[in-house]
Amino acid sequence: MAFYDSIRLEKGMYGSGRSLTEVLEELDPSGNYQGTEMEGLDAFQRQLKRFDIKVSGTGSDCVQKFFETSDSAALFPEYVSRAVKKGLDGADQLADLIAVKTQINGMDYRSVVSAPTDDEKALKPVLEGASLPQTNIRTNENLVKLIKRGRMLVASYEAIKYQRLDLFTVTLRQIGAYIAREQMKDAVNVLISGDGNNNAAEVVNVDTSGTLTYGDLIKLWGKLTPYELNTLVAPTDMMKKLLALSEMRDAQAGLTFQGTGSMITPLGAKLLHLPAMTSGKIVGLDRNCALEMVQSGGITMDTDKLIDRQLERTSISCTAGFAKIFAGASKVLNG
């Protein structure tokens with residue numbers, strides 16, 4: 001059994017398709033520390049404790065603390081990755097859109113699709129001796145388009161070595177937030193326009209051009225049947241119209257907001273604000289079966305540069321794409 005304070009850290013721990021934390025957990029399982037002062041820490045956090053590196057809170061260390069030894073320097077890329085991921089998760093609304101997330105190791109991925117007719121969805125009674133109706137599942141004609149999103153970290157080691165890690169973490173989290181917002185935009189574009197396999201969302205027009213009524217939302221709800229309308233995504237102009245509806249401003253809605261801080265949502269659906277979305281549209285979907293997220297690896301970066309303190313123009317990126325599962329599980333209300 002390898003102990004946390006005797007593990008040799010090196011560059012080769014990166015690039016294996018796994019994060020440094022996963023590699024360290026294999027060498028130094030967290031289960032071995034139950035009932036000790038290390039319980040509750042994962043393998044990476046134990047390495048920070050080993051080298052007495054404080055990345056947050058009162059008395060957080062400077063960036064240069066990572067580079068006091070060659071072993072501790074190998075921890076720096078994982079620290080950067082974790083900080084970026086924390087920002088990505090903090091600004092991530094994708095959990096309210098995607099039904100499943102698929103991790104792949106390459107750049108080519110072909111999703112599967114099932115397109116039952118209304119008659120097939122009904123699951124009518126089967127007579128004795130008759131064959132059961134079939135549900136056909138096939139691969140899509142076109143590959144899922146994966147998009148690389150990221151930022152270039154432009155800073156010399158000399159410029160940031162005396163920077164406190166908690167403040168440096170804020171900058172890295174912001175990079176993650178940028179990635180999350182762009183991925184959200186990519187996801188909604190696929191919901192509206194399709195993923196290249198002739199599966200754009202059906203457009204439902206409002207009854208009166210330029211005016212949004214509660215009746216239009218009911219119309220969208222009806223068009224989505226037999227799927228459930230549980231998520232609405234809207235740009236700023238349509239959010240204003242939604243919140244101005246009298247049904248959204250009644251006494252009960254006010255009491256709910258004042259008492260719990262939760263904003264009442266149309267027809268019980270989760271309401272998401274996406275400023276970058278095309279104006280004049282609202283996307284309604286069933287998040288349980290509308291969209292698949294395909295991710296190639298996790299957050300990637302130039303680990304050699306980070307370990308060697310060559311931070312000038314170091315890339316931090318994440319590659320992901322989206323595929324529609326059931327085309328009918330999302331509709332666009334055009335206002």
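Is Cys289 buried or exposed? In this predicted model, Cys289 is buried, because its relative accessible area of 14% falls under the 20% that marks a buried residue. Cys62 is buried as well, since its relative accessible area is 16%, and the structure holds 0 disulfides.

**The chain as a whole**

The chain has 335 residues, of which buried residues make up 43%, and its secondary structure comprises 11 helices and 11 strands. Taken along the principal axes, the box filled by the C-alpha atoms is roughly 70 × 55 × 45 Å. The mean pLDDT of the chain is 88, with 92% of the residues reaching 70 or more.

**The largest pocket**

The largest pocket contains about 970 Å³ of space, and among the 32 residues that line this pocket, those closest to its centre are Ser19, Ser81, Gly297, Gly298 and Ile299. By residue class, the lining of the largest pocket divides into 10 nonpolar, 14 polar and 8 charged residues. Strand S9 gives the most to this lining, with 8 residues, and the elements that each supply at least two residues include helix H1, helix H4 and strand S1 besides S9.

**A helix and an exposed lysine**

Helix H7 runs through residues 165-193, and its 29 residues reach 42 Å from the first C-alpha to the last, close to the 42 Å expected at 1.5 Å a residue. After H7 comes Gly194, which has a positive phi near 90°.

Lys148 belongs to strand S4, which covers residues 146-153. With a relative accessible area of 59%, Lys148 is exposed, because the value is over the 50% that marks an exposed residue. Between Lys148 and Arg50 there are 35 Å in space, C-alpha to C-alpha, while the two residues stand 98 residues apart in sequence.

| Residue | Relative accessible area | Class |
|---|---|---|
| Cys62 | 16% | buried |
| Cys289 | 14% | buried |
| Lys148 | 59% | exposed |

Key: Residues numbered from 1 in each chain as written. Predicted model: local features only at pLDDT ≥ 70, side-chain atom pairs only at ≥ 80, totals over all residues. Heavy atoms only, no water. pLDDT = per-residue confidence, 0-100. Disulfide = S-S within 2.5 Å. Buried < 20%, exposed > 50% of the residue type's maximum accessible area, 1.4 Å probe, protein only. 1 Å grid on protein atoms, 1.4 Å probe; cavity = no way out; pocket = protein on both sides within 12 Å on 5 of 7 lines; lining within 4 Å. Points joined across faces, edges and corners; volume = space filled by probe spheres on them. Helix = DSSP H or I, 4+ residues; strand = E, 2+ residues; numbered from the N terminus. Nonpolar A, V, L, I, M, F, W, Y, C, P; charged D, E, K, R; others polar. Expected span 1.5 Å × (residues − 1).
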